[in-house]
Amino acid sequence: MAPRPADEHPHDPLDAGWSETWSFDFTSADGDVGGWAAFTRFADHAWYQAALAGPRRQLLMVLDHHVPFRSNPMEVRTTGLWADHICETPLDHWTLGLETFALGVDDPRELHGRQHGDNVALGFDLEWETDGPVVEHPQDAGVHGYELACRVYGEVLVGRDVIDVEGVGSRSHHWGPIDWVVDDGWHLSGVVEGPTRWSVDSRGGTTTALVETDGTVRRVAASGEVEVDDEGLPVAARVDADGTELRVEVLAVTPVPVEVAGRQVRRPRALCRLRSSGGWTGVGWLELRAGAGGSLGAG
């Protein structure tokens with residue numbers, strides 16, 4: 001069943017293994033700055049994660065994995081963290097607000113260690129407007145999800161500095177019995193200069209690409225691989241789909257360590273530049289899931 005406007009809002013949890021995530025990302029057209037935010041609700045608590053990154057700037061990370069519930073399920077209010085996720089028009093327009101202090105680090109690997117760094121004021125006042133069809137992800141073991149390519153605009157505040165944002169991005173929404181420990185693979189979303197957007201998902205050894213051109217989406221078989229370093233952080237990737245090769249250059253990486261069922265799980269995201277065999281360039285985000293470690297083979 002295609003996503004409905006009502007699906008944009010929170011769903012009732014079905015069991016203890018249930019979770020629901022709204023994820024938002026953005027990048028400038030030149031890849032100089034990008035960021036993302038993810039809000040995940042479980043049966044009795046929530047996670048809030050956000051990042052601002054770029055090839056020539058300090059990484060700013062927000063990781064709060066003990067967010068209490070409020071009467072408004074899309075509000076986050078904790079000591080030092082305020083965030084709102086507002087559905088202005090279902091499947092078309094969302095607003096995200098954030099006020100907090102982020103951890104600023106010069107070496108992303110610090111997130112896998114002591115997590116020592118600078119205390120930096122960070123704010124998002126951003127809007128995501130859908131720029132293409134709603135793309136439904138295949139239902140897998142009761143997990144539902146969809147993704148939308150977007151135009152993103154607004155402001156990001158870093159300390160006293162204001163960054164005007166007018167770029168591209170995506171947002172996604174998934175809910176169901178997601179096993180965060182065994183969930184593996186990787187996901188790439190981005191726009192290649194011109195009319196083409198890509199969404200590539202690799203899971204369980206199978207890689208599929210959704211290619212959207214002028215509002216028409218085609219699902220095509222694909223192959224690809226992600227190269228990671230000794231910390232499991234992505235350094236490069238490649239995708240072959242529909243007669244086109246995409247080379248993925250990592251511009252900045254945002255580690256995301258979390259603890260699930262007593263086990264340390266890592267789901268890093270990376271701001272990327274995309275280069276196609278047809279000569280086009282673009283930008284996007286690459287996410288690795290928990291099972292992605294070492295050198296990832298072809299899917």
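This report covers a barrel, some aromatic rings and one histidine.

## Basis of the model

The model is predicted: local features need pLDDT of at least 70, side-chain atom pairs count only at pLDDT 80 or more, and totals for chains, interfaces and linings use all residues. Residues are numbered from 1 along each chain as its sequence is written, and side-chain values use heavy atoms, with hydrogens and water left out.

## The barrel

Eight strands close into a barrel. Strands here are DSSP runs of E, at least two residues long, numbered from the N terminus. The order is S11-S12-S13-S14-S15-S16-S19-S20, with antiparallel pairing. Two strands pair if DSSP finds at least two bridges between them. Neighbouring strands of this sheet are turned by 25° against each other on average, direction ignored. The angles are taken between axes, which are lines fitted to C-alpha atoms, and run from 0 to 180 degrees between N-to-C directions.

Take S13 (residues 206-213) and S14 (residues 216-228). They run antiparallel, joined by seven bridges. Ala209 has Val220 in S14 as its bridge partner.

## Aromatic rings

The structure holds nine aromatic pairs. Rings of Phe, Tyr and Trp (its six-membered ring) pair if their centres lie within 6.5 Å; planes under 30 degrees apart count as stacked, over 60 as edge-to-face and the rest as tilted. Phe24 and Trp94 form a tilted pair, 5.7 Å centre to centre with 55° between the planes. Phe24 lies in strand S1 (residues 19-27) and Trp94 in strand S7 (residues 93-105), so the pair ties together parts 70 residues apart in sequence. Phe24 is buried at 2% relative accessibility, and Trp94 is buried at 1%. Buried means under 20% relative accessible area, exposed over 50%, partly exposed in between (1.4 Å probe, protein chains only).

Phe42 and Trp47 are edge-to-face, because their ring centres are 4.8 Å apart and their planes at 65°. Phe42 is buried at 13%; Trp47 is buried at 5%. One aromatic cluster takes in Phe24, Phe26, Trp94, Phe124 and Trp128.

## Charges over rings

The charged end of Arg41 sits over the ring of Phe69, 4.1 Å from its centre. Arg269 places its charged end over the ring of Trp36, 4.2 Å from the centre. The test asks for NZ of Lys or CZ of Arg within 6 Å of the ring centre and within 35 degrees of the ring normal.

## His65

His65 is in strand S4 (residues 59-67). His65 is buried, at 16% relative accessible area. Not counting residues up to four places away in sequence, His65 touches His45, Ala46, Trp47, Gln49, Pro257 and Val258. Contact means heavy atoms within 4.5 Å.

Notes:
Helix = DSSP H or I, 4+ residues; strand = E, 2+ residues; numbered from the N terminus.
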